[in-house]
Amino acid sequence: MPDRHAIEALIIESVQMLAEDFELDALKSPNSDTLLYCEGGSLDSMALVNLLADVEEALSEKFDASIALADEKAMSAKNSPYRSVRSLTDAVLERLPA
């Protein structure tokens with residue numbers, strides 16, 4: 001399975017592509033600390049759904065890993081897994097099969 005660096009790189013690439021599609025200048029050069037879906041983040045709910053779908057698809061294509069990022073646990077979490085690149089990376093790593 002991929003390591004943290006590979007997952008984060010995949011997410012950063014997905015964020016950059018989304019930034020181009022949605023014309024989100026604040027997300028064109030993301031890093032681990034880039035805010036996504038929270039106060040101060042650049043994504044609205046529609047852009048978040050697109051990002052999650054893009055990440056799931058990229059994980060499937062590059063690593064043959066099928067996971068769901070938008071589930072009840074994530075939606076109701078006190079600390080949203082969607083708030084930053086780092087937290088989304090953590091969420092992916094938690095869901096990948098061992």
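A pocket is an open set of grid points where a 1.4 Å probe fits, with protein on both sides within 12 Å along at least five of seven lines, and its lining residues have an atom within 4 Å of a point. The views below all show a predicted model.

**View 1. The largest pocket and the residues that line it.** The largest pocket of this predicted model has a volume of about 150 Å³, and its lining is made up of Lys 73, Ala 74, Ala 77, Asn 79, Pro 81, Arg 83, Ser 87, Asp 90, Ala 91, Glu 94 and Arg 95. Helices α3 (72-76) and α4 each supply at least two residues of this lining, and α4 gives the most to it, with five residues.

**View 2. Ser 87, a lining residue of the largest pocket.** Ser 87 has its place in helix α4, where it counts as buried because its relative accessible area is 8%, which falls under the 20% cut-off. The side chain of Ser 87 reaches the backbone nitrogen of Arg 83 at 3.4 Å, and, when neighbours within four places in sequence are left aside, Ser 87 is in contact with Ser 80, Pro 81 and Tyr 82. Pro 2 lies 85 residues from Ser 87 in sequence, and the two are 17 Å apart in space, C-alpha to C-alpha.

**View 3. The largest nonpolar core, with Leu 88 as one of its members.** In soluble globular proteins, nonpolar side chains tend to be buried together. The core shown here holds 27 residues, of which Ile 11, Leu 36, Leu 43, Leu 51, Val 55, Leu 88 and Val 92 touch the most other members. Each of α1 (4-22), α2 (45-63) and α4 (85-95) supplies at least two residues of this core. Apart from its neighbours within four places in sequence, Leu 88 is in contact with Ile 11, Leu 36, Leu 51, Leu 52, Leu 69, Pro 81 and Tyr 82.

**View 4. Helix α1 and the buried residues it packs against α2 and α4.** Helix α1 has 19 residues and reaches 26 Å from its first C-alpha to its last, close to the 27 Å expected at 1.5 Å a residue. Its buried residues are Ile 7, Glu 8, Leu 10, Ile 11, Ile 12, Ser 14, Val 15, Leu 18 and Ala 19, and these pack against α2 and α4.

**View 5. Thr 89 in helix α4.** The buried residues of α4 are Val 85, Ser 87, Leu 88, Thr 89, Ala 91 and Val 92, and they pack against α1 and α2. Thr 89 counts as buried because its relative accessible area is 0%, under the cut-off of 20%. The side chain of Thr 89 reaches the backbone oxygen of Val 85 at 2.8 Å, while, not counting residues up to four places away in sequence, Thr 89 touches Arg 4, Ile 7, Glu 8 and Ile 11.

**View 6. Glu 23, with a positive phi just after α1, and Asp 64, with a positive phi as well.** Most residues other than glycine have a negative phi, and most peptide bonds are trans. Glu 23, in the loop between α1 and α2, has a phi near 55°, and this residue is exposed, with a relative accessible area of 67%. Asp 64, which is found in the loop between α2 and α3, also has a phi near 55°, and at 70% relative accessibility Asp 64 counts as exposed.

Key:
Residues numbered from 1 in each chain as written. Predicted model: local features only at pLDDT ≥ 70, side-chain atom pairs only at ≥ 80, totals over all residues. Heavy atoms only, no water. Core = buried A, V, L, I, M, F, W, Y, C linked by side-chain atoms within 4.5 Å. Buried < 20%, exposed > 50% of the residue type's maximum accessible area, 1.4 Å probe, protein only. Helix = DSSP H or I, 4+ residues; strand = E, 2+ residues; numbered from the N terminus. Contact = heavy atoms within 4.5 Å. Expected span 1.5 Å × (residues − 1). Polar contact = N/O pair within 3.5 Å; in protein donor to acceptor, adjacent residues only side chain to side chain. 1 Å grid on protein atoms, 1.4 Å probe; cavity = no way out; pocket = protein on both sides within 12 Å on 5 of 7 lines; lining within 4 Å. Points joined across faces, edges and corners; volume = space filled by probe spheres on them.
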